[in-house]
Amino acid sequence: MIFLNYFISGISLGSIYAIIALGYTMVYGIAKMLNFAHGDVIMVGAYVCFYAVSRYELNPFLGVVLAMIVCTFLGIIVERLAYKPLRQAPSLAVLITAIGMSYFLQNTALLLWSSNPKVFPSIIGRGAFKLFDGKLSVSHITALTITACIVIMIILSLFISKTRLGKAMRACSEDKGAAQLMGINVNATISMTFAIGSGLAAIAGALLCSAYPTLMPTTGALPGIKAFTAAVFGGIGSIPGAFLGGLMLGVIEIFAKAYISSQLSDAVVFAVLIIVLLVKPAGLLGKSIQEKV
Amino acid sequence: MKKILTCTLLILAMTSCAFGAAFKIGGTGPLTGGAAIYGNAAKNGAEIAVEEINALAGDVTFELRYEDDTHDAEKAVNAYNALKDWGMQVSLGSVTSKPAEATAAENFADRIFALTPSASSAAVTEGKDNVFQMCFVDPNQGSASAQYIAEKGFAKKIAVIWKNDDVYSKGIRDTFVEKAPELGLEVVSETTFADGNDNDFSVQLTEAQTNGAELVFLPMYYQPASLILAQAQAMGYAPKWFGVDGMDGILTMEGFDKALAEGVMLLTPFNADAKDEKTQNFVKKYQEKFGEVPNQFAADGYDCVYAYYQALTQAKASADEDAEALCGKMIEQFTTMTFNGVTGENVKWAANGEVTKDPKGMVIKDGAYVGLD
């Protein structure tokens, strides 16, 4: 039974990684850039939600919607100011800019909201479903996070495969130059990708902070890195891959903590990542694309 | 209003002229970043002491300057250098342990005397004759906690959760675990976490619970502790909780459900509820000026400035002397004097810079700290 308890803890941690990883992978899959500021957009979303709910006593779901709106605009502005001018630059330059953006957002948050940690009010309370006479418990927030992950995953997949805009996104992802020649507005498409990715970040922020309720300007940074790892694990660019990678990373982390050593859990997680990447360089569900020379 | 202000400023300027320059006292601490609550508290406490002392307009007056180190060793050294350029004569070291280890080495090399309010790691003072501490050194906190738990008979079976990438947490855990068996306490579960995975404590708590721990010892800062308390409640696990001075501050977190911390015990040298005049005066002034109840770090900062005041007065030091001359005098004073402050009576320092004073047990009751004794 303890094993099952650990498994559920792993799933609940993993579901948080998964929902963050969805945003990472979506932006990477289309814009082909690692948006390291994603974790910090999550933090901004969480702060907006925090202030809406605990200061202005808004309904938590309205708070999340408000956070999504703010983050969507933030995503568009960040893309317009920091990434768009670098569209033709080498990918390394864009990567460094993204890291810079991440620090910029963290420090702005520090000035605006100070460094004192705040305790986030859970958006759906702290209850749990009890199974097997209360021996197992699945918290409501875990159930909500997994449901949200699956819903988002399905909507995103449908959006990308079925809609015109989704088609344009796939075209940009394959070849920006050719897409432009076919009459696709590449800039607008990439801006749209960032808008969607950042909107997702707001949801992830509210769920992350509902599960682990301290909120600081650095709150998004570390889960962001872990989620990035999860996205790579599952195959970066693949939407189901991010979901699977997130869940597996969470479960491995908890099992490593429980059965190997709480000191070495991160080492074990990354060792597993290295092994997976050695066997399947594109990640679990990633497609390896041959470059034509 | 403006006139009164200018007048007081003028008077202040004149008095400081009349009695010669003030001693330049500087320190670094996290004024921003995750540990900002400590840095700002120590700075605020020191400010109040400086104001009080300068208002006396005696032979010893101070000019205080605090620089931000964001709890980062490298930034702390930069901040220290800025203070040195400013002409710092005596130093308040750094507020937190990691940066303090870095600045203490500079203090030692530059022969600038340092008295840190709250950097409690043993490495801060080790091998340095001119670096002193106002707070307990970590090893003492660990053994004192074990002793306190054993004496009061709180529990026999104990779980320890500590942060393995933090010298502060490790130092306390080491001596606690070493001392516990001697006192008949059994450490039944010992688990760790680090910066990257300090969100989920379900494994650590499940392990403590299945091993039947009656008390969980938390040698850490309050931020992870708040997560542990929340997750334990969600699990339905309710052991006794025992923290150290880093737990101080948990009640002032915005949005924190104080009911979660009900019954949490901690060992800290300062009790804001104490009835003595000195503490009450300090608490009242702090509340007036900063709008909150001072924590232990504020009290440490306050005491540091007063300890300097006592030492400089006794040594008949003058503010014209350079840092090195003052350093010699301060070493002599601090190793011989006895100090009474808000964080303890009969405070004495050993030649290695460690302080001796009695820790006070506190418990959180109805959302406030109450003395246990």
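**Close-up views of a predicted two-chain model**

**View 1. Confidence along chain A.** Among the elements of chain A, helix α3 (residues 60-83) of chain A has the highest mean pLDDT (92) and strand β2 (residues 128-131) of chain A the lowest (74). Here pLDDT is the predictor's confidence in each residue, from 0 to 100, and helices (H or I, at least four residues) and strands (E, at least two) are DSSP runs, numbered from the N terminus. Chain A averages a pLDDT of 86, and 97% of its residues score at least 70. This is a predicted model, in which local features need pLDDT of at least 70, side-chain atom pairs count only at pLDDT 80 or more, and totals for chains, interfaces and linings use all residues. Residues are numbered from 1 along each chain as its sequence is written, while chains are lettered from A and ligands numbered from 1 in the order in which they are written.

**View 2. The fold of chain A.** Chain A has eleven helices and four strands. Its radius of gyration is 19 Å, close to the 19 Å that the globule rule gives for 293 residues, so chain A is as compact as a globular protein of that length. For this comparison, the radius is taken over C-alpha atoms, and the rule is 2.2 Å times the number of residues to the power 0.38.

**View 3. The largest nonpolar core.** This core has 205 residues, and those with the most contacts inside it are L22(A), A46(A) and V305(B). Helix α1 (residues 2-31) of chain A gives the most to the core, with 17 residues. A nonpolar core is a set of buried Ala, Val, Leu, Ile, Met, Phe, Trp, Tyr and Cys residues joined through C-beta atoms within 7 Å; a residue is buried if 20 or more other C-beta atoms lie within 10 Å of its own, exposed if 12 or fewer, and partly exposed in between, with C-beta atoms placed from the backbone.

**View 4. Around A46(A).** Leaving aside neighbours within four places in sequence, A46(A) is in contact with F120(A), G205(A), A206(A), L208(A), C209(A), L215(A) and T219(A). Contact means that the C-beta atoms of two residues, placed from the backbone, lie within 7 Å.

**View 5. A sheet in chain B.** Three strands form an open sheet in the order β11-β12-β13 (chain B), with antiparallel pairing. The edge strands, each pairing on one side only, are β11 (339-341) and β13 (355-356) of chain B. Two strands pair if DSSP finds at least two bridges between them. Strand β12 (residues 344-349) of chain B is joined to β13(B) by two bridges, and W349(B) has V355(B) in β13(B) as its bridge partner.
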